[in-house]
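Work through the exercises below with the structure open. Each task is followed by a solution in steps.

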Amino acid sequence: QVQLVESGGGLVQPGGSLRLSCIGSGFTFSSSAMSWYRQAPGKERDLVASISMNGLRINYADSVKGRFTISRDNAKNTVYLQMNSLKPEDTAVYYCKVVYPEYWGQGIQVTVSA
């Protein structure tokens, strides 16, 4: 079965950092573009960042440019989201997703609060 297992979420103060990890299995990770989404209560689920299968094409939402970095290690079947200079508005459930087919992780909570 396809699995996307996220880790690294939690509570952090404004201005702090977190690194999310997502380990994929049950599919050909190295042939799959990957992405991170987030959803806050009462809001739509929005794309945060995406990365091509070889890591050469990367896209970010305007709201996180300059603060977040997406990367991948195909030897470890893992995609990362390094989050720096975190703001309260970054608080959301973050989801790891395969671009195609649309496999989703279970989501992990990130809370930015003083």
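**Exercise 1: A buried arginine**

Task: Decide whether Arg 38 is buried or exposed, then find its salt-bridge partner.

Solution. The model is a predicted one.
- Step 1. Arg 38 has 13% relative accessibility, so this residue counts as buried. The cut-off for buried is under 20%.
- Step 2. The side chain of Arg 38 forms a salt bridge with that of Asp 90, with 2.9 Å from N to O.
- Step 3. Locate both ends. Arg 38 sits in strand S4 (residues 34–39), and Asp 90 in the loop between strand S8 (78–83) and strand S9 (92–98). The two are 52 residues apart, and the pair links distant parts of the chain.
- Step 4. Check the partner. Asp 90 counts as buried because its relative accessibility is 0%.

**Exercise 2: The network around Asp 90**

Task: Find which residues are joined with Asp 90 into one network of salt bridges.

Solution. 
- Step 1. Count first. The structure has three salt bridges.
- Step 2. Asp 90 also pairs with Arg 67, and their closest N and O atoms are 2.8 Å apart.
- Step 3. Through shared partners, the salt bridges join Arg 38, Arg 67 and Asp 90 into one network.

**Exercise 3: Another salt bridge**

Task: Name the salt-bridge partner of Asp 62 and classify Asp 62 as buried or exposed.

Solution. 
- Step 1. The partner is Lys 65, with the closest N and O atoms 3.2 Å apart.
- Step 2. Asp 62 reaches 65% relative accessibility, so Asp 62 counts as exposed. The cut-off for exposed is over 50%.

**Exercise 4: Backbone geometry**

Task: Find the cis peptide bond at Pro 101, then inspect phi of Asn 77 and Ser 85.

Solution. 
- Step 1. Recall the background. Negative phi is the rule for most residues other than glycine, and most peptide bonds are trans.
- Step 2. The bond between Tyr 100 and Pro 101 is cis, with omega about -10°. Pro 101 is in the loop between S9 and strand S10 (108–112).
- Step 3. Asn 77 has a positive phi, near 50°. This residue is in the loop between S7 and S8. At 27% relative accessibility, Asn 77 counts as partly exposed.
- Step 4. Ser 85 is not a glycine, yet its phi is positive at about 50°. Ser 85 lies in the loop between S8 and S9. With 41% relative accessibility, Ser 85 counts as partly exposed.

**Exercise 5: The whole chain**

Task: Describe the protein chain by its strands, its radius of gyration and its contacts.

Solution. 
- Step 1. The protein chain has ten strands and zero helices.
- Step 2. A compact globule of 114 residues would have a radius of gyration near 13 Å; the protein chain has 13 Å, so the two agree.
- Step 3. The C-alpha trace spans about 40 × 25 × 25 Å along its principal axes.
- Step 4. Residues 24 or more positions apart account for 52% of them.
- Step 5. Turn to burial and surface. Of the 114 residues, 40% count as buried. The chain exposes about 6200 Å², and carbon and sulfur atoms supply 48% of that area.
- Step 6. Finish with charge. The 11 positive and 8 negative charges have mean positions 5 Å apart.

Conventions. Residues numbered from 1 in each chain as written. Predicted model: local features only at pLDDT ≥ 70, side-chain atom pairs only at ≥ 80, totals over all residues. Heavy atoms only, no water. Helix = DSSP H or I, 4+ residues; strand = E, 2+ residues; numbered from the N terminus. Rg over C-alpha atoms; globule rule 2.2 N^0.38 Å. Buried < 20%, exposed > 50% of the residue type's maximum accessible area, 1.4 Å probe, protein only. Contact = heavy atoms within 4.5 Å. Areas by Shrake-Rupley, 256 points an atom, 1.4 Å probe, with all protein chains shown as cover. Lys, Arg positive; Asp, Glu negative; His and termini not counted. Charge placed at Lys NZ, Arg CZ, Asp CG, Glu CD. Salt bridge = Lys/Arg side-chain N within 4 Å of Asp/Glu carboxyl O.
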